[in-house]
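Here's a protein chain to explore together. Have a look at the sequence and the 3D view, and then we'll walk through some of the details.

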Amino acid sequence: MMRTIGALVMLVETVLLTQHLVFAQAFSSGSTGALGALNATTNQTITLPADGVLNYTTITVAAGVTVQFTANTLNTPVTMLATGDVTINGTIAVNGQAGAGGSSSGAVVLAGGTGGPGGYRGGNGGSRGATNNTGAAGQGPGGGNVAVTAFEVWGVPGYSAVVNLLPLFGGSGGGGAVGNGTYSGSSGGGGGGAIVIGSTTQITINSTGAITALGGDGGVGQQGCGTSYGGGGSGGGIRLVAPKITNLGNLQATGGSTACNPATVNAAGRIRIESHVTGTILNTNPTASIVTSPGPITAASRPALINLPTLAISTVAGASVPANPGGSYTTADVTLPGGTTNPVSVVTAETNTPVPGSPATTVWMKVLPQFAAPTTTSTTTLTGTFANSTATNSVTLPNGAISVLQGYSAMFLP
């Protein structure tokens, strides 16, 4: 039977578990200033360029004003750079969207909430009807799983796999809930997005200001707490980099709630503050990591971000993967011919990755069917050099249905 693979998410998401870097004192955000001054006096939604980098001279957000973003096709994090001061009296938000509540009418399958820019979608709910009742797992390295046998259950919140926010990426989606013959299953909330704000001079969040990377709430159960409901998305990532940073407002990267079940609320993301001079830091949730030297942001910053590890899915059963996969269960990026037998080989291409590592680099491949529990395989066998290598995982794909493939890796760097 034909197999189709949709939304082959190529994760530039190698998790650096340790990293020891020494920087000079002269810091530059790397901003070109090409966009001039951002002076947000009314609510704004900024469309991200292809690389997600916004180059300003100064950034000012007035009290009561919210700045949000439209994700680009590669779903990169938000990078806001300034040659001068960043002053936030309002809100900069990269939040995930809530999942949809279960329903006996409307769409048969309820889509998961979208993640904030750089974050990941929540799992779809299970179909309404006699078949395909199982929901989908949340996307992302820590995507929430789904229950596959009972109706009175909930998805599991995703969690952020970010350790030091290099590379920067957002939160994972919550799992979708089971449906039945009468109700569509509730869907999972999207993961909070990811944002880095860099200033060559200083960043100040005043008492009315906030930066949020919140996970979306899981969809509410069809009949209240006695029925299934989606998992909340995890919080995303917030990274602030400047010679001086003060926060008198709020930095929030908490996870979305899972309705009626406080035990599964609030899978937190990460907050990281890097500065030579750290002023007052109030109200961070989770607690921010404080680093006493501004680190690299882009290739143009000083220090420069170089040799960042990357990972991309190259081929599935020998078929090439598009450079920009769609991220959808509705349109396949790769269709395998009838007669293709399981398991199939999925080849990933890595850059700047230890081969072998010490301990070994691990490359995971996660299969997320739309109407079944996810499966994960892994390998520590990489072929090539530190600069360019490949890894192969053997995976089993469901017959006659679109599945999402996600690849990611973890390593130690000296």
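Is N307 buried or exposed? N307 is exposed, because its relative accessible area is 52%, and exposed here means over 50%, buried means under 20%, and partly exposed is in between (1.4 Å probe, protein chains only).

## Ground rules

Before going on, keep in mind that this is a predicted model, in which local features need pLDDT of at least 70 and side-chain atom pairs count only at pLDDT 80 or more, while totals for chains, interfaces and linings use all residues. Residues are numbered from 1 along each chain as its sequence is written, and side-chain values use heavy atoms, with hydrogens and water left out.

## The whole chain

What is the chain built from? It has 30 strands and zero helices. Both kinds of element are DSSP runs numbered from the N terminus: helices are H or I runs of at least four residues, and strands are E runs of at least two.

Of the 414 residues in the chain, 55% are buried. The accessible surface comes to about 15,100 Å², and carbon and sulfur atoms account for 55% of that surface. These areas come from the Shrake-Rupley method with a 1.4 Å probe, and for residues only the protein chains shown count as cover.

Now for contacts, meaning heavy atoms within 4.5 Å. Take the contacts between residues at least 6 apart in sequence: 73% of them join residues at least 24 apart.

Two strands count as paired if DSSP finds at least two bridges between them. As background, strands of a sheet pair through backbone hydrogen bonds, either parallel or antiparallel.

How many bridges do β25 and β29 share? Strand β25 (residues 344–351) and strand β29 (residues 388–395) pair over eight bridges, in the antiparallel sense. You can pick out one of these pairings by finding T351, whose bridge partner in β29 is N388.

## A buried charged trio

Next, zoom in on R239, which sits in strand β15 (residues 237–241). Its relative accessibility is 3%, so R239 counts as buried. Leaving aside neighbours within four places in sequence, R239 is in contact with several residues, including L165, I195, R272, E274 and P296. One of its side-chain polar atoms lies 2.7 Å from the backbone oxygen of P296.

Which residue forms a salt bridge with R239? The partner is E274, and the closest N and O atoms are 2.6 Å apart. The pair links distant parts of the chain, with E274 in strand β18 (residues 270–274) and R239 in strand β15, 35 residues apart. A salt bridge here is a side-chain nitrogen of Lys or Arg within 4 Å of a carboxyl oxygen of Asp or Glu. E274 counts as buried because its relative accessibility is 2%.

E274 also forms a salt bridge with R272, where the closest N and O atoms are 2.7 Å apart. Through shared partners, these salt bridges join R239, R272 and E274 into one network. R272 is buried too, because its relative accessible area is 17%. A search of the whole structure finds two salt bridges.

Where can you find cis peptide bonds? One joins R302 and P303, with omega about 5°, and P303 belongs to the loop between β21 (289–291) and β22 (310–316). Another joins N342 and P343, with omega about -10°. P343 is in the loop between β24 (332–336) and β25.

Let's come back to N307, which is in the loop between β21 and β22. N307 has a positive phi of about 55° although it is not a glycine. N132 is another residue to check: its phi is near 55°, a positive value in a residue other than glycine. You'll find N132 in the loop between β10 (91–93) and β11 (194–199). N132 has a relative accessible area of 41%, so it is partly exposed.

Methods
A polar contact is a pair of N or O atoms within 3.5 Å; within protein, one must be able to donate a hydrogen and the other to accept it, and residues adjacent in sequence count only if both atoms are side-chain atoms.
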